[in-house]
Amino acid sequence: MMNKEERNKKIKNIAKKGLTISLCAVLTTGIFGSVSNVMNWNEGIEVNAANDEAKLTMTKASKKSDDTEKADKKETAAKGSLDVSDIAEEVMPSVVSITTKSIQEVQNYFGMFGGYGGYSYAPEIQEVEGSGSGIIIGKNSSELLIATNYHVVQGANTLSVSFVDNEVYEAKVKGFDDEKDLAVVSVKLDDIEDETMDAIKIATIGSSDDLKVGNQVVAIGNALGYGQSVTTGIVSAKNRRMDESSQTVSEGEEGNGVNLIQTDAAINPGNSGGALLNMDGEVVGINSAKLASTEVEGMGYAIAISDVSDIIENLMNEESRDRLEDEEHGVLQITGKSVSEEAQYYGIPAGAFVEEVTRKGAADKAGIKHGDIITQFNGKTVSSIEQLIEYLSYYAPDEEVELTIAVQSGDGYKEETVTVVLGDSDASSEQEENKEDKKKSEKEDRATLNRGDAADEEENWEEDPEEASEEENSILDFFRQG
């Protein structure tokens, strides 16, 4: 029979063994739970277009309920968050580098003394290269689809995409939304090698609505065009709004601007279009270096993915297009200008104001008149004449486009939708030349008429020398009297 001291010692040993077993069970659960999370966080249904009518969507993670969020907090407390290196390893195959080439006019300052007797800053045509990032968001039966910022591909004559294996392929713009600074580009599946297809993967789209201020995030992108790099930070703020016209950021859940996530993760030039990820490796934002500033540190921005996922999916389903040269793309055969901000204060809608319509041209045939304001192009907002021209640069002559125009009605404007068959730029140029020739001819006729009147006056003056002599004598008399 055990005495009291021996019994207490045995109880302590049993309790110690039980605690060890419990601790092992907790650690085993945590380890296997972590592995399970790493293995499953990028799972999703790949959506392919079975036919032309099927609409493509992105692979999305399910939005967390309150109960799930509480369970995740308990699980995180037990096992800790995923390591940044794990996220980088899993997500880098979903992020690409984008290189653009465009033709631009630049000032040639080396020839500044070439002018006649002074300075000459004649513009020179050069090919300019740019860089950005993109996120693989899906594929259809013939194309791999990549989301990026619109300002990355804006004005580009050629696009190329570099994947995680450093293989480079030609790409096309599939669709873009200037107002939201979004674009989708495509690469033909037939062009991509099997080894590259094995190396890449489609990103999983998370919910930016589930983010909380203070959550850790990871940014991946082609910083400065040097290739993929990783930075990390926290969510500094949510519901920031970008004003496209003034390029400023303000606070507010509602407004016309793009909803932004503010982070202190470094987002540098070249990172635009890259992924902002939560600690589950899900895309919660599209980075935008467009809003970076040298005046401050630790303030980067990304477009909140939950606010623009529908727009991206619409862009995924558009037709892939090449940007055409100025003389190749279709035209409306109008002259116009942007509606100024001052005019908008007086109730005039933002858009492209039609100043002149070419007779029997594309716009004229569609019923567009002087004073109309073009506000939408194929369902996309038109806020300026430059934006309208950019849209047109992807459409060939004889293609049909749908325009929304604001037509003056009483004290206000009413919207109408018209279908326009685009005209040929050569025909427009010829019409403009004819118009210029006509103006020149009229001007010459007026000059000839004026010269004829002057000659008649001179002839009349010469025919009456006595009158001239009398006038001369009167002037001489005036000075003599002085």
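## Close-up views of a predicted model

View 1. Glu325, Asp326, Glu327, Glu328, Asp398, Asp424 and Asp426 together make up a negative surface patch. Here a patch takes in residues with over 30% relative accessible area and no salt bridge, with like charges joined within 9 Å; Asp and Glu count as negative, and a charge is placed at CG of Asp or CD of Glu. Areas come from the Shrake-Rupley method with a 1.4 Å probe. One member, Glu327, is found in the loop that runs between α6 (305-316) and β14 (334-338). Helices (H or I, at least four residues) and strands (E, at least two) are DSSP runs, numbered from the N terminus.

A quick note before the next views: this is a predicted model, where local features need pLDDT of at least 70, side-chain atom pairs count only at pLDDT 80 or more, and totals for chains, interfaces and linings use all residues. Residues are numbered from 1 along each chain as its sequence is written, and side-chain values use heavy atoms, leaving out hydrogens and water.

View 2. Strands count as paired if DSSP finds at least two bridges between them. β5 runs antiparallel to β4 (residues 158-162), with four bridges, and Leu159 faces Ala171 of β5. Five bridges tie β5 to β6 (residues 182-188), again antiparallel; here Lys172 has Ser186 as its bridge partner.

**View 3. Two turns have a residue with positive phi.** The β4-β5 hairpin has five residues between its strands, and Asn166 in the turn has a positive phi of about 70°. In the β5-β6 hairpin, four residues lie between the strands, and Asp181 in the turn has a positive phi of about 55°.

**View 4. Lys174 and Glu143 form a salt bridge.** Their side chains meet at 2.8 Å, N to O. This pair links distant parts of the chain, with Lys174 in β5 and Glu143 in β3 (residues 143-148), 31 residues apart. A salt bridge means a side-chain nitrogen of Lys or Arg within 4 Å of a carboxyl oxygen of Asp or Glu. Lys174 counts as buried because its relative accessibility is 7%, and Glu143 is buried too, at 11%.

**View 5. Glu319 and Arg321 belong to a network.** Their side chains meet in a salt bridge at 3.6 Å, N to O. Salt bridges with shared partners join Glu319, Arg321 and Glu399 into one network.

Key: Patch = residues over 30% accessible without salt bridge, like charges linked within 9 Å, V, L, I, M, F, W, Y side chains within 5 Å. Buried < 20%, exposed > 50% of the residue type's maximum accessible area, 1.4 Å probe, protein only.
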